[in-house]
Amino acid sequence: MENPFRPTAGATPPDLIGRGGVLDEFAYGLRIGSGAPGLLTIFTGARGIGKTVMLGAAEDLALNNGWAVVSETATGGFVGRIGESMRLLTNDLGDGPTGRRVTALSVAGFSVTTQLAPEEQVDWRARGAALLRLLAQRGTGLVITVDEIHAADRAELSRLAADVQHFIREGLPIGLIFAGLPAAVSDLLNEGVATFLRRADRIDLHAASITEVERSFSETFAEARIPLSANLAREAAEATGGYSFLIQLVGYHLWQESERASDDLDAEAVARAVAAARRRNERVVIEAALSTTSGRDRDFLQAMAEDRRASSTTDIGARTGMRPNAVGNYRARLMDAGLIEPAGHGLVDFAIPGLREYLTSHPIAR
Ligand SMILES: Nc1ncnc2c1ncn2[C@@H]1O[C@H](COP(=O)(O)OP(=O)(O)OP(=O)(O)O)[C@@H](O)[C@H]1O
Ligand SMILES: [Mg+2]
């Protein structure tokens with residue numbers, strides 16, 4: 001058996017830990033069709049928690065139920081690209097068993113631009129409606145997933161929302177699932193870009209419990225007949241903090257240790273695996289997240305790292321010499337970047353595991 005762990009963005013893990021029931025409402029929506037609340041869902045959560053993986057799981061579920069799927073990331077022009085995918089799907093279906101060709105829609109495809117021209121806008125909606133009618137005849141529908149929604153161009157997003165709302169009003173079978181960083185998604189919903197999105201089912205993905213991770217490690221290694229004692233499974237699980245990406249990293253390096261070991265996995269092997277996992281998490285997640293920050297952003301973060309838990313914004317102001325509204329601005333910027341999160345009134349905490357430790361061991365010179 002080869003190493004089953006997948007410490008790569010968006011890659012399906014061997015065991016989807018702690019997500020039981022998360023897609024139940026969506027699955028129910030696939031059954032009852034148009035207008036079901038579960039067909040309008042937003043996944044939010046910290047970097048590396050497993051949002052893209054959940055989108056993939058929802059897509060698989062939709063495909064297994066015979067629904068068509070269009071999967072996009074919210075970079076510039078995504079609404080146009082969704083339109084193009086709908087055109088291709090319509091063509092496919094037109095050739096399908098019902099033999100119904102939708103010639104009226106086989107007009108020129110969309111160009112990838114951030115703004116659709118007015119005639120393209122009309123076309124998009126007509127094209128979508130035609131596709132959805134074809135799918136409805138077959139008793140299924142279309143699910144559109146959009147990842148990284150926090151980065152979406154507001155004008156594009158409100159267009160997509162308006163069209164989808166229109167389809168729902170016509171009783172057409174459409175599902176829309178988004179994923180994005182929590183604070184930025186909240187801003188987006190509060191900006192009133194698309195009021196109808198506020199009614200979406202918002203599912204905030206959290207870290208798994210240590211017990212669940214421990215059980216998963218024990219089972220995965222037992223299946224491969226790799227002896228891992230209960231104590232060591234617990235230790236490895238604790239080192240992940242229940243955080244999805246670290247679960248994959250620790251599992252992956254532990255598996256490598258077992259491939260190298262001539263004997264059973266011991267405490268040293270677990271310690272080496274954990275250290276390797278942490279180093280990789282630092283490089284892939286922490287340094288990448290920090291690379292987009294400014295010097296003042298880092299001052300803010302460094303001031304937070306002086307605390308052992310959530311920091312008060314008053315203390316951050318005192319430590320950095322920032323005035324309250326500057327503190328407020330940097331707080332908002334860092335939340336949008338997914339680096340920090342609110343932790344109660346006047347408090348903020350780090351949103352990425354290991355970030356505090358990283359900042360403490362690599363202090364940024366001022
Ligand atoms: N429920 C889970 N149990 C175990 N591992 C998981 C789970 N969900 C995701 N993973 C693993 O965690 C890692 C990150 O997953 P994913 O890329 O979906 O996160 P994300 O929230 O989309 O991150 P980002 O914000 O950086 O896009 C992947 O290696 C994936 O295999
Ligand atoms: Mg992702």
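# Briefing on a predicted protein model

Strand S3, residues 142–147, is mostly covered, with six of its six residues buried; buried means under 20% relative accessible area, exposed over 50%, and partly exposed in between (1.4 Å probe, protein chains only). Helices (H or I, at least four residues) and strands (E, at least two) are DSSP runs, numbered from the N terminus. This is a predicted model, in which local features need pLDDT of at least 70 and side-chain atom pairs count only at pLDDT 80 or more, while totals for chains, interfaces and linings use all residues. Residues are numbered from 1 along each chain as its sequence is written, chains are lettered from A and ligands numbered from 1 in the order in which they are written, and side-chain values use heavy atoms, with hydrogens and water left out.

- Strand S2 (residues 68–73) runs parallel to S3 and is joined to it by six bridges; two strands pair if DSSP finds at least two bridges between them.
- Within this pairing, Ala 68 has Leu 142 in S3 as its bridge partner.
- S3 also runs parallel to strand S4 (residues 174–180), and five bridges join these two strands.
- Here the bridge partner of Val 143 is Gly 175 in S4.
- S3, helix H5 (residues 154–169) and S4 make a right-handed β-α-β unit; a crossover is right-handed if, with the strands pointing away from the viewer, the path from the first strand over the helix to the second runs clockwise.

**Helix H3**

- Helix H3 (residues 78–94) has 17 residues, which at 1.5 Å a residue should span 24 Å, and its end C-alpha atoms are 24 Å apart, in agreement with that value; the expected span is 1.5 Å times one less than the number of residues.
- The buried residues of H3 include Phe 78, Val 79, Ile 82, Met 86 and Leu 93, and also Arg 81 and Arg 87.

**Helix H12 and Thr 320**

- The buried residues of helix H12 are Thr 313, Ile 316, Gly 317 and Thr 320.
- They cover an arc of only 100° around the axis, so they lie on the same side of H12; the arc is that of the directions from the helix axis to the C-beta atoms.
- The face turned away from this buried side carries the exposed residues Thr 314 and Ala 318.
- The buried residues of H12 pack against helix H11 (295–305), strand S6 (311–312), helix H13 (324–336) and strand S8 (347–350).
- Thr 320 is found in H12, which comprises residues 313–320.
- Thr 320 counts as buried because its relative accessibility is 12%.
- Residues up to four places away in sequence aside, Thr 320 touches Arg 296, Asp 299, Phe 300 and Ala 303, where contact means heavy atoms within 4.5 Å.
- Just after H12, Gly 321 takes a positive phi of about 75°.

**Salt bridges**

- A salt bridge is a side-chain nitrogen of Lys or Arg within 4 Å of a carboxyl oxygen of Asp or Glu, and by this rule the count comes to 19.
- Glu 214 forms a salt bridge with Arg 234, and their closest N and O atoms are 2.8 Å apart.
- Because Glu 214 lies in helix H7 (residues 210–223) and Arg 234 in helix H8 (residues 230–240), the pair ties together parts that are 20 residues apart in sequence.
- Glu 214 counts as buried at 18% relative accessibility, whereas Arg 234 counts as partly exposed at 30%.
- Glu 219 forms a salt bridge with Arg 215, with the closest N and O atoms 3.6 Å apart.
- Both Glu 219 and Arg 215 lie in H7, four residues apart, about one turn of the helix.
- Glu 219 is partly exposed at 39% relative accessibility, and Arg 215 is partly exposed at 41%.
- Salt bridges that share partners join Glu 306, Asp 307, Asp 315 and Arg 319 into one network.

**Gly 50**

- Gly 50 is placed in the loop between strand S1 (40–44) and helix H2 (51–64).
- Gly 50 is buried, with a relative accessible area of 18%.
- Leaving aside neighbours within four places in sequence, Gly 50 is in contact with Leu 205 and Ser 244.
- The C-alpha atoms of Gly 50 and Ala 9 are separated by 8.4 Å, and these residues are 41 residues apart along the chain.
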